[in-house]
Amino acid sequence: MSPRPKSLHFVLAAGGTGGHMVPAHALGLELIARGHRVALVTDERGAKIPNLFDGVQTHVLPAGRIAGGPIGWAKAGRAIWEGRDMARRLYDTFRPAAVIGFGGYPAMPAMLAAFADKVPTAVHEQNAVLGRVNRFIAGQVDRIFTAYPEIAKLRPRHEGKVRLVGNPVRDVVLSLRDQPFPALTEDGVFRVLVTGGSQGATVLSEVVPDGLGLLPVNFRRRMQVTQQCRPEGIEAVRARYAALEIPADLATYLPDLPDRLGWAHLVIARAGASTIAELTVAGRPAILVPLPTAMDDHQTANVRELVAAGGARSIPQSRFTPVELAKQMQKLALEPGALVNAAARAKSCGRPDATRAMAEALEEMVGLRAVRPEEQAA
Ligand SMILES: CC(=O)N[C@H]1[C@@H](OP(=O)(O)OP(=O)(O)OC[C@H]2O[C@@H](n3ccc(=O)[nH]c3=O)[C@H](O)[C@@H]2O)O[C@H](CO)[C@@H](O)[C@@H]1O
């Protein structure tokens, strides 16, 4: 056991989607539990996500999106510069030992300020493809934490600073790992969780109810659905499930999603990085529909490992129809043993140690603890 490190300050900088904020939050709690102090830098959206970072000092920075031609770039440049100055003022008083970026545009000014102030830096890449902001600053940071091994292969020149840790998930998701897969009986309830990531997904509202409606009636009668819907589609989804007589609990956001995950026999979802991390930590089989417009098609890249392991099926959005969904559900849910087998395979892809590994590597980076020999070899 290494000696207890002294308390330091860490700044976490994350764009405002759940995909960036959830792993930042998990790391933040771990650092606080280890006796450190944490400040969060994000945008307006990130500061409003319910139940995250309550009690942690939060700073909203202007963040420019690099898009829209020369006028857009000039506007973005001004916002980033202004954000960088604000971050430097924060660092003057907060004195961070390191600044850790989780991607997204608000991370950019925080990282630029850290470079200017010569504060040690790290980024965490949740996806199987390096995101735009992370790619831009990869050459300058001290560590690149990744969730997928592909990143080191794609960027050989950064290999020495890449650490494969996985995606940090909430403790309540971690606790699901020790629980058995929910009992499945031929006449028992079959529970389905449908989620489109932190912003929801219209295509799931349009296709899933009709797809479930095509399943054999004796199976449909046993089904219970929890579905996260976009607000504009929620009433149509409610009406469709009522017509199909499938009990469905609908919400635009599920703050208790981890409990619902523990409850579910099958998940139908987008392929955001945290969703996949949660499925693999908990060990839940899934049918995934990667978002086709995700930057560099990163959601398609995210599903590869899990699909190859047999823990999920992936359907490209262009082929995601009620008939295709029903077909895949029959294979996964109605063939004896297939679901439990897929659950075990999903679990084999989990990296439940991500948060602790990342916190330890950060402490090592700022010189608080020695690297153990087995870590050096990893
Ligand atoms: C639309 C988009 O660009 N999505 C990107 C965004 O993630 P996005 O936020 O869409 O999706 P993720 O799957 O990564 O994360 C969603 C998180 O929100 C939580 N959740 C979701 C719905 C809900 O009702 N309740 C709830 O708690 C999930 O449990 C999960 O922890 O960043 C990820 C990480 O860079 C990327 O992989 C995604 O492609």
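## Basis of the description

Two strands are taken to pair if DSSP finds at least two bridges between them, and helices (H or I, at least four residues) and strands (E, at least two) are DSSP runs, numbered from the N terminus. This is a predicted model, in which local features need pLDDT of at least 70 and side-chain atom pairs count only at pLDDT 80 or more, while totals for chains, interfaces and linings use all residues. Residues are numbered from 1 along each chain as its sequence is written.

## Two domains

The protein chain is divided into domain 1 (9-169 + 352-377) and domain 2 (173-348), with bounds that come from an automatic or database domain assignment. Taken over C-alpha atoms, the centres of domain 1 and domain 2 are separated by 30 Å. To their contact, domain 1 and domain 2 contribute 20 residues each, where two residues are in contact if their C-beta atoms, placed from the backbone, lie within 7 Å.

On the side of domain 1 that touches domain 2, helix 1 gives the most, with 4 residues. The residues of that side divide into 9 nonpolar, 9 polar and 2 charged, with Ala, Val, Leu, Ile, Met, Phe, Trp, Tyr, Cys and Pro counted as nonpolar, Asp, Glu, Lys and Arg as charged, and the others, Gly among them, as polar.

An open sheet of 7 strands has parallel pairing and the order 3-2-1-4-5-6-7. Its edges are strand 3 (57-60) and strand 7 (162-164), each of which has a single partner strand, so one side of each is left without a neighbour in the sheet. From one strand to the next, the twist averages 20°.

Strand 11 (residues 266-269) and strand 12 (residues 286-288) run parallel and are joined by 3 bridges, and the bridge partner of Ala-269 in strand 12 is Leu-288.

## Helix 14 and helix 15

Helix 14 (residues 322-333) packs against helix 15 (residues 338-348) at an angle of about 90°, with the axes 6 Å apart. The two helices are therefore roughly perpendicular to each other, a class that covers angles of 65 to 115 degrees, whereas angles under 35 count as roughly parallel, over 145 as roughly antiparallel and the rest as oblique. Lys-331, Leu-332 and Ala-333 of helix 14 make the contact with Ala-338, Leu-339 and Ala-342 of helix 15, and these residues divide into 5 nonpolar, no polar and 1 charged.

## Surroundings of the ligand

Of the 25 residues around the ligand, Gly-18, Gly-19, Gly-197, Ser-198 and Gly-272 come nearest, a residue being near a molecule or strand if its C-beta atom, placed from the backbone, lies within 6 Å of it. Helix 1 (18-33), helix 12 (273-282) and helix 13 (298-308) are the elements that give two or more residues to this shell.

By class, the shell has 7 nonpolar, 17 polar and 1 charged residues. Domain 1 and domain 2 both give residues to the shell, so the ligand lies between them.

Notes. Axes fitted to C-alpha atoms, helices over the stretch in contact; angles between N-to-C directions.
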